[in-house]
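Please read the following with the sequence and the coordinates open side by side.

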Amino acid sequence: MRFFDMLGKRALIFDGAMGTVLQSRGLPVGAGSETWNTDNPGAVEAVHTEYLKAGCDIIKTNTFGANAIKCQNSAEVTRAGVEIAKTAVKKVNPNAMIALSVGPTGKMIKPFGDTDFEDAVTAFAVQISSSTGADCVLIETFTNIIEAKAAVIAARENCDLPVIVTLSLDRDGRLLTGGDIQSAVVTLEALEVAALGFNCGLGPLEMEKLMPFLTSCCSTPIVLNPNAGLPRLVDGNTVFDMNPHEFSQAAARLVAAGACVIGGCCGTTPEHIRAVSLAVKGMEVTVPEKKKGLFVSSYSKVVEIGARPVIIGERLNPTGKSKLKNALKNGDMDYLLGEAVAQVEAGADILDVNVGLPGIDEKNLMPQVIQAVESVTDAPLQIDTSDIEALERALRVYAGKPLVNSVNGKRCCRS
């Protein structure tokens, strides 16, 4: 695929903002820019054209908010957005690539909110399956690792395109749910994304401060799409102060620090991207080396296996535990959560979760217990089951990279 062919050969350049540029050209504040894919396609194509002429290698489709939870006509809007991008590329630079932009749903996924994980997967699937003609999928501006995971799974199950994930962090390098850079990297690399990094939320100077943390743990090519500085509110309007020259000089430093792909997000314009194209031209890029070590993660915590003895709490395994057996049979989730918290307080690094009992619907109960335990502790989990379907369902909804226990070498036949 073209993305993989070019990745790491030289600094690849993403385009900049779409929404803030369209707002400067008449899009009402608060209106989703995706509406113009059908209502004003010429304006969207004009922005793509300007970015392509500015020297970008990859343009993002105007589909950031077109998932089926936010957008009732998700498939139509997505198809229109991809077609507009294809038209611009064909006219200006047939060698340029198109990234399907996939943004968050605006909902919080269980266990951090009320939206079911599989509902989020379905919403993203509707959008991604309508992306014929894109060269890669860009899952961007996610602040919750479990929602990013839902989008990655939707991409894996509905297309064969390379998947890029860029997260939106605060200045301390934290996600909205408290996850740090390493826990996010461990989870995303376990999902085998093609590239990962940051976008939005921060300007290039703030991202520059976080780069040492990212490069120290990341084994995957790095993508950065910063804002044009930090936003300010002036007379009720959000403004970004970093001019194209300042932005491009900071972007060049980000490439020197390890970014393989660089572009812009809110507040950036074709002028910013033109300056970046000139600033990074001829720069060599550094693809991260494969990091050593075996790690498991929750949504906000990482445990390394082998660096020291790791304590695994086994109190959520019903073998020989009559109280736990009764709790599982009676649906007493409070008892299970109390045991989980007590083990972490006693020093457990990882919690084993096993709900296998005769008469228990393990494939349905296991993911429920996994999400419930995640709601009260950030310790990484060990999913303990020999039931293939229970394991698969639990792995999908778990907001991290778990250990897996009780698997065996028997051949499994699934219809």
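What follows is a walk through a predicted model, taken one element at a time.

Begin with the eight-stranded sheet. This sheet is open, its pairing is parallel, and its strands are ordered β1-β10-β7-β6-β5-β4-β3-β2. At the edges stand β1 (12-13) and β2 (58-60), each of which pairs on one side only.

Within this order, β5 (residues 163-167) has β6 on one side and β4 on the other. Strand β4 (residues 136-142) runs parallel to β5 and is joined to it by five bridges. One point of reference in that pairing is leucine 138, whose bridge partner in β5 is isoleucine 164.

How much of strand β5 is buried? Five of its five residues are, so the strand is mostly covered, where buried means under 20% relative accessible area. In a regular strand, side chains alternate between the two faces of the sheet. In β5, Val163, Val165 and Leu167 lie on one side, and Ile164 and Thr166 lie on the other. Both sets are buried, which means that both faces of the strand are covered.

Further along the sheet, β6 (residues 195-199) pairs with β7 (residues 222-225) in the parallel sense, over four bridges. Here glycine 197 has valine 223 of β7 as its bridge partner. Helix α9 (residues 204-217) lies across β6, β7 and β10 (259-262). The helix runs at about 165° to β7.

A hairpin comes next. Strand β8 (residues 231-234) runs antiparallel to β9 (residues 237-240), and four bridges join the two. Valine 234 stands opposite asparagine 237 in β9. Two residues lie between the strands of this hairpin, and aspartate 235 takes a positive phi near 50° there.

The next sheet has four strands. It is open, with parallel pairing, in the order β13-β14-β15-β16. Its edges are β13 (312-313) and β16 (403-405); each has a single partner strand, so one side of each is left without a neighbour in the sheet. The partner of β13 is β14 (residues 350-353), which runs parallel to β13 and is joined to it by two bridges. In this pair, isoleucine 312 stands opposite isoleucine 350.

Glutamine 343 sits in helix α13 (residues 333-345). Is this glutamine buried or exposed? Its relative accessible area is 8%, and because buried means under 20%, glutamine 343 counts as buried. Apart from neighbours within four places in sequence, its contacts are Gly313, Glu314, Arg315, Leu316, Ala348 and Leu351. Among these, Gly313 falls in β13 (312-313), and Leu351 falls in β14 (residues 350-353).

Helix α14 (residues 362-374) lies across β14 and β15 (381-384), and runs at about 170° to β15. The helix also packs against α15 (residues 388-397), at an angle of about 30° and with the axes 8 Å apart. Since angles under 35 degrees count as roughly parallel, α14 is roughly parallel to α15. Their crossing is right-handed. On the α14 side the contact includes Met366, Pro367 and Ile370, along with Glu362 and Lys363. On the α15 side are Glu389, Ala390, Arg393, Ala394 and Val397. By class, the residues of this contact are six nonpolar, two polar and five charged.

Two other helix pairs can be read in the same way. The axes of α10 (residues 244-257) and α11 (residues 270-280) come within 8 Å and cross at roughly 45°. That angle makes α10 oblique to α11. The crossing is right-handed. Among the residues making this contact are Phe247, Ala251 and Val255 of α10, and His272, Ala275 and Val276 of α11. The contact of α10 with α11 has nine nonpolar residues, three polar and one charged.

The axes of α4 (residues 41-54) and α5 (residues 74-92) come within 9 Å, and they also cross at roughly 45°. The two helices are therefore oblique to each other, and α4 passes α5 in a right-handed crossing. Residues in this contact include Val44, His48 and Leu52 of α4, and Ile84, Ala88 and Val92 of α5. The contact of α4 with α5 divides into eight nonpolar, three polar and three charged residues.

Notes: Residues are numbered from 1 along each chain as its sequence is written. This is a predicted model: local features need pLDDT of at least 70, side-chain atom pairs count only at pLDDT 80 or more; totals for chains, interfaces and linings use all residues. Side-chain values use heavy atoms; hydrogens and water are left out. Axes are lines fitted to C-alpha atoms, for helices over the stretch in contact, and angles run from 0 to 180 degrees between N-to-C directions. Angles under 35 degrees count as roughly parallel, over 145 as roughly antiparallel, 65 to 115 as roughly perpendicular and the rest as oblique. A crossing is left-handed if the near helix is turned anticlockwise from the far one by less than a right angle, and right-handed if clockwise. Contact means heavy atoms within 4.5 Å. Ala, Val, Leu, Ile, Met, Phe, Trp, Tyr, Cys and Pro count as nonpolar, Asp, Glu, Lys and Arg as charged, and the others, Gly among them, as polar. Two strands pair if DSSP finds at least two bridges between them. Buried means under 20% relative accessible area, exposed over 50%, partly exposed in between (1.4 Å probe, protein chains only).
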